[in-house]
Amino acid sequence: MLSFFSRIPSFHPESRLLIIWEALIVLVTLYNCFTIPFRIAFNATIYKNWFLLDNLADLILIIDIFLRFHISYTKEGELIKDKAEISIHYRKTDFKSNLIASLPLDIFVYLFLPQASLILMGLCRIPRLLRFPQCFLIFRKWDNNVYFNSGVVRMFELFIIVFLIDHWVACLWFFIGNLTGQSGESWLQGDNLHLENTTTQYLYSLYWSITTLTTVGYGDITPQNNIELIFTFMVMFLGVSLYAFVIGNVVAVISNLDASKNRFRDKLGQVQAYMWERKIPPSLQKNILDYYQYMWEYNRDVTLDFYFLDELPHSIKTRVYCYLYQELLEKVPIFQDAEPCFIEDLVIKLKPRILPPHDYVIREDQMGHEMYFVKRGQLQAFSEKTGKVYSLLVAGSFFGEIALLYDSRRTASVKTLTYCELFVLYKEDFDKVLNNYPQFSEKVKKIADQRHQVRE
């Protein structure tokens, strides 16, 4: 078996197979966190199926120890794949706790002390709970994974925490009641619950736990001795902290689920306040609000899409721009067959512009200094003098490319018909890029001359 594990390649920490395996580890850990306290408190009988599940869960945890020696990790942004370094890192971090958590003490007790009490069997499995902190590390990892919804992960984590606390308190409440009831009065004797089956006893215990942790209880189940009173005080104090913890986390998760909308509302509030203070005419205010409404409906976070890329390294920013906008440039005849490096340098120079309906982009006879690419919307190219409509420009279209190479006046006007998202390439930026590619520069000029002569 050791030779088999030695042939296992290193796993990427975000590989899909590893994510599935870690989800299985979380499931096994939650199984132990539920069953171990339950068996200790309720002295529950271990049926054959439960015993098989225990052994299967233990086997998964043992296999996980071996697999951890083959899982790469990130150190200062670098992915470490060397198995020797992985082994040293794992031994310094979780190896000891994982090894202790997997010790089969309960199996030894079962084999050598077959008449041992179920409580002792449950106590021997307590080391399994050392795996519980690993669940939070896995949740943090999923939270930072771009393929997971951060809000869903946090809500699931919060639900697990709250449920397990309620469950553990319920188990302790029953254990105390059962222990004190053997020598005197306890809450179990109140409604003859000590005669009920285990399921009913657990449900009543969980009911008391939830009501006490979330409120101050309803008074139908009350402590009957000093030990129960002291435990109730402790649970009430815990409930106050848990209530604040739950409310704070739920509010944070819900607000983060739609952080873009909150930022948009804040910005819109600032815009409205500015217009009211400056006494902007109502009709103009409506146009401005309609513009921002469009920005929200089609771009969600209007600032994020255009400006957050500036914070990224140049190489990553170039790759993102190429993925988003390279196709727009490649459709332009003067850029066809261009070197990839030329396109990469040029795509960074694109500037976004969003225009409302019935707004002029360019006017006939104006001097041109830029060209435009249409990302979304419809525009109309026409003659101001004759009223003739030349073309309808839609997503993927471009216009004004001759202005990049010639100081000439516009031969037509272009006006938006709907809200339009455009990208602008200025002649100044184009010249800077073209100067770095002299061979391609000659080719561009030849193509431009041909198109310019056709237009004339």
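Before you start clicking, one convention: a residue is called buried under 20% relative accessible area, exposed over 50%, and partly exposed in between, using a 1.4 Å probe and protein chains only. The model is predicted, so local features need pLDDT of at least 70 and side-chain atom pairs count only at pLDDT 80 or more, while totals for chains, interfaces and linings use all residues. Residues are numbered from 1 along each chain as its sequence is written, and side-chain values use heavy atoms, with hydrogens and water left out.

**Stop 1: two loops**

Select His358 to begin. His358 is exposed, at 59% relative accessible area, and belongs to the loop between β3 (351-355) and β4 (360-362). Strands here are DSSP runs of E with at least two residues, and helices are runs of H or I with at least four, numbered from the N terminus. Check the backbone too: phi of His358 is near 60°, a positive value in a residue other than glycine.

Move on to Asp365, in the loop between β4 and β5 (370-376). Asp365 also has a positive phi without being glycine, near 80°, and is partly exposed with a relative accessible area of 37%.

While you are in this region, show Arg363 and Tyr360. The charged end of Arg363 sits over the ring of Tyr360, 3.6 Å from its centre. For this label, NZ of Lys or CZ of Arg must be within 6 Å of the ring centre and within 35 degrees of the ring normal.

**Stop 2: the aromatic cluster**

Now select Phe34, Phe38, Phe42, Phe159, Phe163, Phe174 and Tyr202, which form one aromatic cluster. The structure holds 23 aromatic pairs. Rings of Phe, Tyr and Trp (its six-membered ring) pair if their centres lie within 6.5 Å; planes under 30 degrees apart are stacked, over 60 edge-to-face, and the rest tilted.

Why does the pair of Phe34 and Phe163 count as stacked? Their ring centres are 6.2 Å apart and their planes at 10°, so the pair is stacked. Phe34 is in helix α2 (residues 16-42) and Phe163 in helix α9 (residues 150-181), 129 residues apart. Phe34 is partly exposed at 27%, and Phe163 is partly exposed at 32%.

Phe38 and Tyr202 make an edge-to-face pair, with 5.5 Å between centres and 80° between planes. Phe38 lies in helix α2 and Tyr202 in helix α11 (residues 198-214), so this pair ties together parts 164 residues apart in sequence. Both Phe38 and Tyr202 are buried.

**Stop 3: annotated spans**

An unreviewed UniProt entry lists several spans as "transmembrane region", including residues 20-38 and 151-176. UniProt positions follow the numbering used here, feature names are shortened, and annotations may be inferred rather than shown by experiment. Residues 20-38 are 100% helix and 0% strand, with end C-alpha atoms 27 Å apart. Residues 151-176 are likewise 100% helix and 0% strand, and their end C-alpha atoms lie 38 Å apart.
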